[in-house]
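Trainee: Can we go through the ligands in this one? I'd like to start with the pocket question.

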Amino acid sequence: MAEPIDVVITGAAGQIAYSLLYQIAAGTVFGPQQPVNLRLLDIPPMMKVLDGVVMELEDLALPLLREVLPTAEPAKAFNNVAAAFLVGAMPRKEGMERKDLLAANVEIFKVQGEALDKYARKDVKVLVVGNPANTNALICSHYAPSIPKENFTAMTRLDQNRAQAALATRLNVQVDQVKNVIIWGNHSSTQYPDAAHATVTLSSGVKAVSSEINDDEWLNNIFVTMIQKRGAAVIAARKMSSAMSAAKAAGDHMRDWWFGTKPGEWVSMGVVSDGSYGIPKDIVFSFPVTIKDKRYEIVQNLPINDSAKSKLDITSKELEEERTEANNVLKK
Ligand code: NAD
Ligand code: LMR
């Protein structure tokens, strides 16, 4: 069996971590042959709660789970980590936009970027979940200059999973029969969930989702708005932000990064823009990617019509504004 890898989860006493830790410890993320040491980072007032989480992890009696370290010290939490799930941050409440969290959360990602830079492995794979996830990932990468920018990603997989599930419901098929729906841009209400390239596997063969649904009003408006506002709908119902589905999406994102995407399939991830599709560089923008040998590549040359282009412009503009605001917060 392989040597254990060190994996950090921040916000380890919180809602998302509570569902995520089991997946990692059980082998659904890094595979059934990969033992893990867990580093659980939270803030000092949460250490008692974290003790309870550690007890539960012990009581899972899982053979892949080796050392578990609860801590409030970034230097210990990030030491030698091969993978980092940056979850710890304030969640939004009803009526807020995710970018309203910038002032509260951006400082956390500066500190954690510095800690990654000093203590983590240089090939660490960083997934930022804490909101506003794209801009937090950008800031984190900025403060970790010794780690390649490609190693910092933001989570839009929850939006992808939501979109895939919504299309499957509309088509009355199982969710895994729908493929290649794309989330472009920010994990915010400006994101562009794009079904134009998605396919569905039917008994008659692989078909375009758009021609099977054949309802432009639904695809271009109702579906788009539903996915853009799904996080807010969950908050309105639960009075807390999504956690079980967010944890599942975080596991999906990291597992695909670790093991690669299936032939002919792509997934959406917030990555530092290289200018593809005319998106400005130096923002973390969600693109469709394929992954091989732990390296992702942005899917190129997808046709983008004028309506889609204007949606990409709106979400990239918001990310540029968030970047400016984050820099202003950090300068204060
Ligand atoms: P939560 O409040 O239940 O847990 C957050 C935890 O982070 C708390 O235990 C808190 O003490 C801890 N924390 C705060 N500051 C910290 C720091 N500096 N270092 C380490 N830990 C720290 O929240 P949650 O429901 O787990 O959500 C966490 C974040 O994830 C929120 O920002 C939420 O908006 C975001 N989120 C993102 C997505 C996405 O799709 N990208 C989906 C769901 C939630
Ligand atoms: C989500 O999409 O559910 C999370 O980002 C939480 C939120 O604030 O919507």
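Mentor: A pocket here is an open set of points on a 1 Å grid over the protein atoms alone, where a 1.4 Å probe fits, with protein on both sides within 12 Å along at least five of seven lines; a molecule sits in it if more than half of its atoms lie within 2 Å of its grid points. The space taken by ligand 2 is the largest pocket. This is a predicted model, with local features needing pLDDT of at least 70, side-chain atom pairs pLDDT 80 or more, and totals for chains, interfaces and linings using all residues. Residues count from 1 along each chain as written, chains are lettered from A and ligands numbered from 1 in written order, and side-chain values use heavy atoms, without hydrogens or water.

Trainee: Which side chains have polar atoms close to an oxygen of ligand 2, say S242 or N131?

Mentor: S242 has a polar side-chain atom 2.6 Å from a ligand 2 oxygen, and for N131 that distance is 2.9 Å. With R92, a side-chain N or O atom is 2.4 Å from an oxygen of ligand 2.

Trainee: Why does ligand 2 lie between domains?

Mentor: Because domain 1 (5-154) and domain 2 (156-323) both give residues to its shell.

Trainee: Switching over, where does ligand 1 lie?

Mentor: Also between domain 1 and domain 2, since both give residues to the shell around ligand 1. The space ligand 1 takes is the largest pocket.

Trainee: What's 2.9 Å from its oxygen atoms?

Mentor: A polar backbone atom of Q15 is 2.9 Å from a ligand 1 oxygen, and so is one of M90. A nitrogen of ligand 1 is 3.4 Å from a side-chain N or O atom of Q112.

Terms used:
Polar contact = N/O pair within 3.5 Å; in protein donor to acceptor, adjacent residues only side chain to side chain. 1 Å grid on protein atoms, 1.4 Å probe; cavity = no way out; pocket = protein on both sides within 12 Å on 5 of 7 lines; lining within 4 Å. Domains from an automatic or database assignment.
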